[in-house]
Amino acid sequence: MSNPTPAIVTDLRRLLGNAKVLSDVPALTAYAIDAGIYRLEPQAVVLIENESDLVPVIKYARRNRIPLTARAGGTNLTGNAIGEGIILEFSRMNRILELNREEKWVRVQPGKTYSELNRDLERYGLFFAPDPSSGEVCKIGGMVGNNSAGPHSLKYGAVKNNVYEIRAILSDGRALSVRPYPMDRPEFERLLDQHERLRELHTLLKLNQDLIQRHRIRVSKNSSGYNIFDMADRLDQGLFDLTKLFIGSEGTLGFMTEARLTLMDRPARTATARVYFNRLDEVGHAVNALLPFHPSAMELMDASSLNLIGRDRFDIPAEAAAMLLVEFDEEPIEDKIERLKETTRAYRLCRPVDLARSDEPRGLEQQEAFWKVRKAIYPTLYRYDAKKKPINFVDDVVVPAARLPELIAYLDAYFKEMEIPVAVYGHIGDGNAHINPLMDMKDPDDLRRMAVISKEIHSVVIHRFGGSLCGEHGDGRVRGQFLRELYGEEIYTLFTKIKHLFDPDQILNPGVKLTDMPFTTHLDAERLSKACATCGKCNTVCPVYDVSQEESNGARGWFHILTAPDYSYEKASRVVEACVNCKSCFAVCPAGIDISKNILEKRAEHPNRLAGFIFAFQARPWLFESFLKLAGLLQPLWDRPLGRTALEYLTRPILAFISPTARLSPEINLPRLATKTLRRRFASLTEEKGASGATAYFHGCAANYFQDGVGDAVIRLLQRQGAGPVLPKQRCSGTPIETYGHRDRVRDDARFNMDSLLRYETVVTGCASCTFMLKDYARFFTDEKEQARAADLASRVKHITEFLVQLGLQFPEPDGGPERTVAYHSSCHLRAAGVTKEPRELLRRTPGVRFVEMRDADRCAGGAGTFIVKNYEQSRQIFERKRRGIVESGAEVVATSCPACMIQLKTGMQNRIQVKHVAQILDEAFERADGPAKS
């Protein structure tokens, strides 16, 4: 369906307006996939912002028999967030509607990210307990749809155990309060009178209650099929509990618009134990012995998984056959730890139990290191082999917990016989195994073997182990064909009758959960051979996705749009020009993909002409600096409200050649332009005047041309440490030039800078973007000698905070003056350059500073070089998250390391707080104690 039906798009836009209906090539490409193994292109995407958007679309789709698929985070591994009709994107419905701290519940919309919800609840000492491994990415709607769970579901249960009530919109557009209804009260009869389908459902369940109970799978958690089993139990308790049916139904019965979730008190402290077993067959016995101590989590990794992540890398004993992680969060914790140590003495361990407690010094750090072994498996698998990737199609089986080691032993032998590398790990306390075979989807043999493996493993789990197809990932398109085998024909028939009651026209996520199609239908072998894991972690840090909340305006969607076989700039220019080049996606990607790099390569095919003219002008310093000097002298006249309004009006037609959204808003807090450049103010330090030394200061464009005091502070700090510096000849590092596609100019300037800078032992920088770019020159060259020179330069480049920490900077004694509360905004390119701890360490040690870690310190502020000019409105929207973090922190000063970030912070905070470079804060501390630095 490469060409969407025009009538559908036209009709939808007539209902909702143009902005809420997407149908261009980038949108359909991005929404054709989720985190599963399939590709299915929709006809249109509707951005749902409220029920008023949803209801007319449902009614329209029902009249025209068009399939509807709900989507939020798109992290499902079974393909249940894609469909060939209309995608209903719920991510913009992402608010907390109500919080009751006394009764411990929260009412929330489906587009709220799980991790964001718990961050919002943290200040109240509460949390929503089910913790899927995709918690940073997945959203509440998807969690409810899949009945999600995670490591700590051993204690807290899955989503079905933590929901009071759901508001759902049914296939006829009517709303339904999905909750337990006492059957002895009048409200129950009123419910049945209002919804005839519910009367039929009640009758169906009552008539088949014995049948349902006979076919219950005896495992601790189960998300296969419709959960009529818990519904039948609740009937015995006098309750008609619709939550049990709707949770885990994967959007096949209705659409959730809000949910009232049960909350828990955050544990006061936790203890984590890491146990390495010499024999896999002893793990099951150990688990049974430990369960009576009520652990909150028990995680297992087998020998193959430990091999794949690298035993030396994580100090894993060579002889370890399995690793067991056990966590406690209930008192008495010391007693539980002692009982665990005593219990495990009965088994052959590779070494004594490793223990960490959150209330001990460095305890949290140790616990994080323990869990890092478990969490390393997924990123490692995606980097394991260029061709073989972890394929999720037998990924979520459940067996009785005591038999999980037996299952793992079977799986290890089976895949060894198949000669397929595999990682097996999971929630052993629940008997839930995640199985990730590494396969090459471009290899016909591997494609053929997929079907064989799926049938074999699912049949063994069902018949030999008495298990279920899935515990927390849902059936989706992967497991639907096996439901008959799992439950038998009678229960399957009940499922189909229930589906028909709620979806008589078969428009709600068809092909999901109940299907006769082979699971390989719509398999996307082409995409599965790419590096991208489609996990969506990049979207969690993408500032554009953060404000757009739609897939074609986010990092994951961009990657697949850019790598699509039919990509063209003409079709996808809005995508190519949308990225702010913050590099945040690269920092979190398990496959190590730098999507901004891909974007920049596409921009280089269509360099911006106006930007090219500006860079050519800048390359003539005698002309450019004269212009800046004149602009600086006249700045008191033109940098006033009336002058700025006129300037915006006059420049807008010109800036339109940069972008249709570009404008020099009067609200932008422009820096003071230097009437005398940094190089002229410190002429005696320049290479041209004969200065020499081991340390060079690469000041970059901003410190040279802005009179903001940053360059001066860096120089004074270096002078105080006896480190020179020399101001070498230099050109722009290249970041803004590459941003607009002029890679040839970047390459030329890089050669110039390498020639100039490689004469110094250390090259100190003060600008985040310069730091990153100087360390990244190697990618611009194919010649080995030039790559070696670029790598040599990268090893010499140090941000001023790195340099001072490595030098062992000693601060003066506090002067007794009042402290200032300082928060730190971590500039994107400085994080990308690997500098995160040093600025914070120095600020914590600075006399007169009370350092506070603000929320979202590591997120893009939206300035992004010239992006604040290129798309001012979106830049403001991106900044809103940062503004909230600053206000909540109570900071009087925000420190950063990027001139563009300084402009954005000053603009966004409207000068209500001070914004300074880290170097300025450090320099001021010395100034107060020692007086001015001597040249």
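**Exercise 1.** Locate Ser 468 in this predicted model, between α18 (444–463) and α19 (483–487), and work out whether Ser 468 is buried or exposed.

*Solution.* Start with the chain: Ser 468 sits in the loop that links α18 and α19. Next, check the area. Buried means under 20% relative accessible area, and Ser 468 comes in at 0%, so Ser 468 is buried. Now look for a polar partner: the side chains of Ser 468 and Asn 222 make a polar contact of 2.6 Å. Finally, list who else is around. Setting aside neighbours within four places in sequence, Ser 468 contacts residues including Ile 217, Val 219, Val 397, Val 398 and Leu 486.

**Exercise 2.** Take helix α3 (residues 51–64) and compare its reach with the expected one, then find what covers its buried residues.

*Solution.* Count first: α3 has 14 residues. From first C-alpha to last, α3 reaches 20 Å, close to the 20 Å expected at 1.5 Å a residue. Then look at the ends. At the start, a side-chain oxygen of Asn 50 gets to within 3.0 Å of the backbone nitrogen of Ser 52; just past the helix, Arg 65 has a positive phi of about 55°. Buried residues in α3 include Leu 54, Val 57, Ile 58 and Tyr 60. Their cover includes α1 (6–16), β2 (44–47) and β12 (255–262).

Technical notes:
Residues numbered from 1 in each chain as written. Predicted model: local features only at pLDDT ≥ 70, side-chain atom pairs only at ≥ 80, totals over all residues. Heavy atoms only, no water. Helix = DSSP H or I, 4+ residues; strand = E, 2+ residues; numbered from the N terminus. Expected span 1.5 Å × (residues − 1). Buried < 20%, exposed > 50% of the residue type's maximum accessible area, 1.4 Å probe, protein only. Contact = heavy atoms within 4.5 Å. Polar contact = N/O pair within 3.5 Å; in protein donor to acceptor, adjacent residues only side chain to side chain.
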